[in-house]
Amino acid sequence: MGIMSEPFSGKRIKSGIPGFDDLIEGGFPDQSTILITGSTGTGKTTFVAQYIYKGAEEYGEPGVLVSLEERAKDIRREMEQFGWDLEKYEKQGLIAIVDGVSSISGIPSEEKFVLEDTLNVDNFLRYIYRVVKSINAKRLAIDSIPSIAFRLQNEGEIRKVLLKLNTILLEMGVTSLLTTEAPDPKGGKISKYGIEEYISRGVVLLDLQEKNIELKRYLLVRKMRGTKHSMRKYPFEITSRGVVVYPSGEIY
Ligand SMILES: Nc1ncnc2c1ncn2[C@@H]1O[C@H](COP(=O)(O)OP(=O)(O)OP(=O)(O)O)[C@@H](O)[C@H]1O
Ligand SMILES: [Mg+2]
């Protein structure tokens with residue numbers, strides 16, 4: 001049992017990641033908070049951006065991407081490489097990218113959704129709430145938790161903020177993906193603060209493992225409450241069309 005239990009209708013939200021929904025009974029549980037964890041370069045940003053993009057493109061579901069590590073324009077450019085035109089759906093009001101980076105650097109931003117005061121966590125939560133309501137979002141991604149939390153003084157404070165964040169997310173009725181760092185997945189440390197996994201209904205670990213002098217990508221559904229899932233690692237790739245998971249096993 002987690003800290004906060006969410007009502008679950010049984011409805012599933014499609015991830016937009018080919019192969020992935022087969023691992024979790026058809027998709028993420030509706031109105032839940034899911035943690036996407038992994039070390040650097042494992043594909044966290046791509047995974048959550050794909051969730052938002054495909055949500056709009058394939059399912060017509062509005063989504064908000066809160067980018068606290070990269071400028072909105074950098075995200076757009078990177079995602080263009082996968083053939084995804086984020087701007088098209090931003091214009092249609094199906095996608096909102098919140099730029100939480102520009103204001104820190106003090107550079108004036110031309111973005112529509114700019115997080116001005118990133119130091120105050122309450123303002124942050126209020127702003128996200130407003131943007132979600134403004135496009136009636138069903139999906140939300142926050143990239144990343146450590147970039148909110150590094151401003152906080154101690155573990156108690158981080159814990160309080162994450163609990164508050166989760167309560168607000170559930171209140172809004174969105175299905176959220178939050179990214180975080182996994183400092184030592186093998187040693188069981190799958191999140192930076194060790195609290196993120198408790199506020200989440202599900203945890204997906206993205207991993208790199210050496211195989212024949214080459215790093216290969218693997219994905220593990222570490223937990224998904226109310227869902228039957230395997231505990232094995234599945235190979236995945238970042239292709240020219242984005243993240244693709246191979247649920248039938250080995251490709252490497
Ligand atoms: N167009 C592309 N085609 C194939 N692979 C790509 C492409 N773009 C990026 N990649 C791969 O994806 C990796 C980066 O993925 P991503 O930025 O999603 O990871 P991350 O976990 O968010 O990393 P970070 O720790 O920097 O936030 C790159 O290091 C590269 O290996
Ligand atoms: Mg990233």
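In strand β6, F113 is the bridge partner of V98. Strands, here and below, are DSSP runs of E with at least two residues, while helices are runs of H or I with at least four residues, and both are numbered from the N terminus. The model is predicted, so local features need pLDDT of at least 70 and side-chain atom pairs count only at pLDDT 80 or more, whereas totals for chains, interfaces and linings use all residues. Residues are numbered from 1 along each chain as its sequence is written, chains are lettered from A and ligands numbered from 1 in the order in which they are written, and side-chain values use heavy atoms, with hydrogens and water left out.

**The sheet and strand β5**

Strand β5 (residues 95-99) pairs with β6 in the parallel sense over two bridges; two strands count as paired if DSSP finds at least two bridges between them. Within this pairing, D99 stands opposite V114 in β6. Strand β4 (residues 63-67) also runs parallel to β5, and five bridges join the two. One of the residue pairs here is L65 with its bridge partner I97 in β5. Strands of a sheet pair through backbone hydrogen bonds, either parallel or antiparallel.

These strands belong to an open sheet of 10 strands with mixed pairing, in the order β6-β5-β4-β7-β8-β3-β9-β10-β11-β12. At its edges stand β6 (113-114) and β12 (242-245), each with a single partner strand, so one side of each is left without a neighbour in the sheet.

Buried means under 20% relative accessible area, exposed means over 50%, and partly exposed lies in between (1.4 Å probe, protein chains only). I95, I97 and D99 point one way from β5, A96 and V98 point the other way, and all are buried.

**I36 in strand β3**

Strand β3 (residues 33-38) holds I36. The relative accessibility of I36 is 0%, which makes it buried. Leaving aside neighbours within four places in sequence, I36 is in contact (heavy atoms within 4.5 Å) with K44, F47, V48, L177, L178, T179, T180, V204 and L206. The C-alpha atoms of I36 and S191 are separated by 9.3 Å, although the two residues are 155 residues apart along the chain.

**Helix α7**

Helix α7 has 18 residues and reaches 26 Å from its first C-alpha to its last, close to the 26 Å expected at 1.5 Å a residue. The expected span is 1.5 Å times one less than the number of residues. The buried residues of α7 are I158, V161, L162, L165, N166, L169, L170 and M172. They cover an arc of only 165° around the axis, which puts them on the same side of α7; the arc is that of the directions from the helix axis to the C-beta atoms. On the other side of α7, K160 and E171 are exposed. The cover over the buried residues includes β3, α5, β7 (139-143), α6 (146-149), β8 (175-181) and α8 (196-199).

At the start of α7, a side-chain oxygen of N154 comes to within 3.1 Å of the backbone nitrogen of G156. Just after α7, G173 takes a positive phi of about 75°.

**Salt bridges**

How many salt bridges does the structure hold? There are 11, a salt bridge being a side-chain nitrogen of Lys or Arg within 4 Å of a carboxyl oxygen of Asp or Glu. Side chains of opposite charge can pair when their charged atoms come close.

| K54 | E57 | 3.0 Å |

K164 lies in helix α7 (residues 155-172) and D122 in helix α5 (residues 121-135), so their pair ties together parts that are 42 residues apart in sequence. K164 is partly exposed at 40% relative accessible area, and D122 is partly exposed at 33%.

In the second pair, E214 is partly exposed at 43%, whereas K216 counts as buried at 16%. Elsewhere, salt bridges that share partners join K54, E57 and E58 into one network. Being three residues apart in helix α1 (residues 44-59), K54 and E57 are separated by about one helical turn. K54 counts as buried at 13% relative accessibility, while E57 is partly exposed at 35%.

Note on methods
A polar contact is a pair of N or O atoms within 3.5 Å; within protein, one must be able to donate a hydrogen and the other to accept it, and residues adjacent in sequence count only if both atoms are side-chain atoms.
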